[in-house]
Amino acid sequence: MEETFEILVVDDDEVDRMAVCRALKAAGLAVEVSEAADYAGAIAALKLQSFDCVLVDYCLPDADGIALVQAVRDAGINVAVIALTGQEDAQVAVELMKAGASDYLSKGKLSPEILSSRLHNVIRIHRAEIQAAQATEKLKESEERYRLVLEGSNDGIWDWDISHNKLYSNDRFFEIIGVPRSEFYYGSLEYFYERIHPDDQLRIKDAIVSHLELGGDCNLELRIRHANGQYRYCSCRGKAQRNEQGMAVRVAGTISDITERKQAEKELLKQHQRSHLFAELTLKIRQSLQIEEILQTTVNEILQLLGTDRVVIYRIWQDGSGTVVTEAALPGIKAIEGQNIIDTCFRESYIERYRGGRISAITDVAQANLQPCHAELLNRLDVKANLVVPILQRDELWGLLIAHQCANARQWTSFETELLQQLADQVSIALAQAQLLERETRASQQLAEQNITLGQALEDLKQTQAQLIQAEKMSGLGQLVAGIAHEINNPVTFIYSNITPAQQYIQDLLALLNLYQEYYPDPVPAIQVAAEELDIDFIISDLIKVLSSMKVGAERIRQIVLSLRNFSRLDEAKMKPVDIHEGLDNTLLLLQHRLEEKTDSHNIEIVKEYGNLPPVECHAGQLNQVFMNILSNAIEVLEEAEKHEVSEGNGNHHSKAALPCIRIRTEAAGSEYVSISISDNGPGMTEEVCRRLFEPFFTTKPVGKGTGLGLAISYQIVVEKHGGELQCISAPGEGATFVIKIPIQQDSPARNIQGDSCPLLSHPQRKAVEVLEPNS
C-alpha cells in the first residue's frame, strides 16, 4: 500500500495554493494537504501536527520564506522544507538552502512530475539525515558510556594483542593485581603469569591454550600476588577475536577482585560446618536422657572434634570443691576421672567468674599470669593449655566443660571457643531434661507403686470380705451342725439307752407268756379268739426283730451325731493331737449320700489305703473342712464326667477300670510330716488350671455353682495355719491327685488360734503351685 504523506502548503495567494494542490493530485501522490496563509499560521500548524514536508512561498505577508525556514530549524522541528519562488534568482536559492531548506522550486516550472520527483527525494533524504543524526547520537552516547565504564567500573578491563604479545588495560586492572602501570614490564603476558599463585599457574595456562584452540567461554578463578605480598582471589572472563582463518588474534575481557567473596564463602562454609557439627553433636547428646551417657558422649565427641589431648566435665559441689565425673583422653594421657579436686584459689577467685558466664582460654600455662596454687594444680595434671566454659543451670554453676592440651601450648580459635560454649549450653539443656525425666520417672514409679499397693489393698479387702463371709457361713454352719447334733443327741441317747432294758422286759414278758401257754394250754374261748386275731406267734417272732432294728437305727443316729460333733469340733479352741483317719472317716460319713448309686449313675468307689499314722497336732475342725472341700470337688468332677458319658451314649458300657473311684492314701513322710493324698480318676486338668487352682475366686464351675474360695481356704489352712504343703498333680485324661503334707508337731505357738472361724483375716502373697506330672 502506498504511503500517505502529510503536506503543509504555506502561501498568502489562494490561487497559488490551489495550483500547488492540483499539481499534487495530478501527480497521483497519496497526500493529506493542510494549508496556511502566513508565517504565524504556518508556525501554529507545525506545532500542532507533524508533517512530512512543508511547501513554503518565499514571499509571505508577515515574513519571508527564509525567516520561516530558520524559525522551523531553530524550534527543532524535523521536517523537510521546499521553498517556492516566483523568480529565477540563484542568490535567493542559496540563502534558502543556507537557512535550512531541503530544496527549492520555481512556481513557473511547477509541474506534477517535477513536484512528485522533488517531493519524494526531499522526504527520503530528510529521513536519511534524521536516521544518520540519530545513529551518530547513539554512537556518541555509546562511546561515552564505554568511557564511563572503563573509568568507573569496579572490574579491570584488559585487551591482549596476541600477535604482538601486548596487554592493554584500564587503571582498575592494575589496582586489582596490585602493580603500578609503570612497573608492568611492557605489558607482557609472561609478567602476568609470574604473579599467579604457583598452584594455579599450570591450570590457568592450560585453560587459556584450550580457549585459543577450541573456543568456548573462558571463565577462570585464580590467585594473584599483590604488591603487599598477599595473594588475592580474582575472577577472569574473556573472549577471543578470530580472523577469517579462525585463528585467535586478540582476547578481551575483565578481571574482578573476589577476595571478599571468597572470604565470605569460607566463613559461610566454616559456619555451615560448625552448624553441621553442632547439630550432629547435639543430636548425639540428645539421643539419651541418661545423665552419665550424655556426659560421656559429650567428652568423646569433643575430644575427636577438637583433636585435643583430654576433655573432662568437672562437677562443682555446693562447698566449692569438685569432682571429675567424666573424662575422655588420648592413650598415654594421665587419667583423672573420679578425682576430687579441692582448689582453694579456684573457689575464692574463679568460681564467681564462671558463675557469671566467664570463658577461660589459656594458650600457654607457663606464660599465663595465674595464681601459684592454680598453676601448680594445672602442672600436676600435665596441662599445657586449656579451654574452660561453664555449664550453667538456672543461673547456678553446675560444672565446667574443659579441654586440656597436655603435649604443648595451643592457640584456641574463636570457632573452637564458640563451639565448646554452644555444646556446654546443650549439655545444660540435656541435663535439665534428664533430671526432669528422672524426677518424673521417680514420681511415676512412686505413683505406680502406690497404685499397686492400693490395688493390692483393695483386692485384699475384697478377698477378706468374701473370706469373712465364707468363714462366717462356715462358722454358722458349724454351730448349726453342733446344735443339731446336740439336740438330736439327747433324745437319741434316751431312746438308745432304753432299748436294752425294753428288750429285757419284753424277753421277760415273752417268757412268762410261754409259761402260761405251757401250763394252761386250753385257755378260755375269749382268749383263744383274741390270740388268733392278733396272730400272737408272728408278733412274738417279729417283736425281737423290731427291737433289734430300733437298736441298729439308734446306733446309726448316734454315730452320725458323733461324726457331726467331731467334724465341727467347736469344743476345741487350740491345736491338739487328733486321729487323721477319724477325720477322714467322719467326712466320708457325711458325704455318704453322695457316694451311693443313683438311677442314672454308678456308685463312687472309695478305696482307703491308710498307713500307720501317729496323732497329728492340728485344728481338727479346719483340717476336716479341707478334707470336705477336696472330697466334694472330687465327687462333683466324677458326677459331671458320668453325666457327660451318658449324654454321649456310653453310660452302659463302663469297664471296671472306668468306674468312678476316689482313692485315699495316708502315710508318714519321714519323722516330722504325714502325707494325705486324695485321688480321683476323673478327666484331669490342664497345666494352666492347675497353676491357678488355689487363687481366690478362681473356679471352673458354672456361674452360681461355686465361689472359688474352697481350695483357696484349704490352701491357707494347710500352708499358712499348719505350716504344711498342698499340691495338685494332674494332667488331661489322667485324673487329679491332691497331696496334703502337714507336720506332726506344731512347734510355733503363733499357729494356735481362738475359736473355729476360718483363718483368712490376713492374705500374704500366694506361693506358686507346683504342677507335677502324674508319674513324677
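Arg442 and Glu438 are four residues apart in helix H13, so about one helical turn separates them. Helices here are DSSP runs of H or I with at least four residues, strands are E runs of at least two, and both are numbered from the N terminus. The side chains of Arg442 and Glu438 meet in a salt bridge, 3.2 Å from N to O. A salt bridge means a side-chain nitrogen of Lys or Arg within 4 Å of a carboxyl oxygen of Asp or Glu. Arg442 is partly exposed at 39% relative accessibility. Glu438 is partly exposed at 39%. The classes are buried under 20% relative accessible area, exposed over 50%, and partly exposed in between, with a 1.4 Å probe and protein chains only.

This is a predicted model: local features need pLDDT of at least 70, side-chain atom pairs count only at pLDDT 80 or more, and totals for chains, interfaces and linings use all residues. Residues are numbered from 1 along each chain as its sequence is written, and side-chain values use heavy atoms, leaving out hydrogens and water.

The structure holds 27 salt bridges. One of them joins Arg127 to Glu3, with the closest N and O atoms 2.7 Å apart. This pair links distant parts of the chain: Arg127 sits in helix H5 (residues 112–152), Glu3 in the segment before strand E1 (5–10), 124 residues apart. Arg127 is partly exposed at 32%, and Glu3 is partly exposed at 39%.

Helix H13 spans residues 414–519 and includes Leu515. Leu515 is partly exposed at 42% relative accessibility.

Six strands form an open sheet in the order E13-E12-E11-E16-E15-E14, with antiparallel pairing. Strands E13 (340–341) and E14 (360–362) are at the edges with a single partner each, so one side of each lacks a neighbour in the sheet. Pairing requires at least two DSSP bridges between two strands. E11 (residues 310–316) and E12 (residues 322–329) pair over seven bridges. Ile313 has Thr326 in E12 as its bridge partner.

Helix H10 (residues 291–306) lies across E11, E12 and E16 (396–405), at about 50° to E12. Axes are lines fitted to C-alpha atoms, for helices over the stretch in contact, with angles from 0 to 180 degrees between N-to-C directions. Contact means heavy atoms within 4.5 Å.
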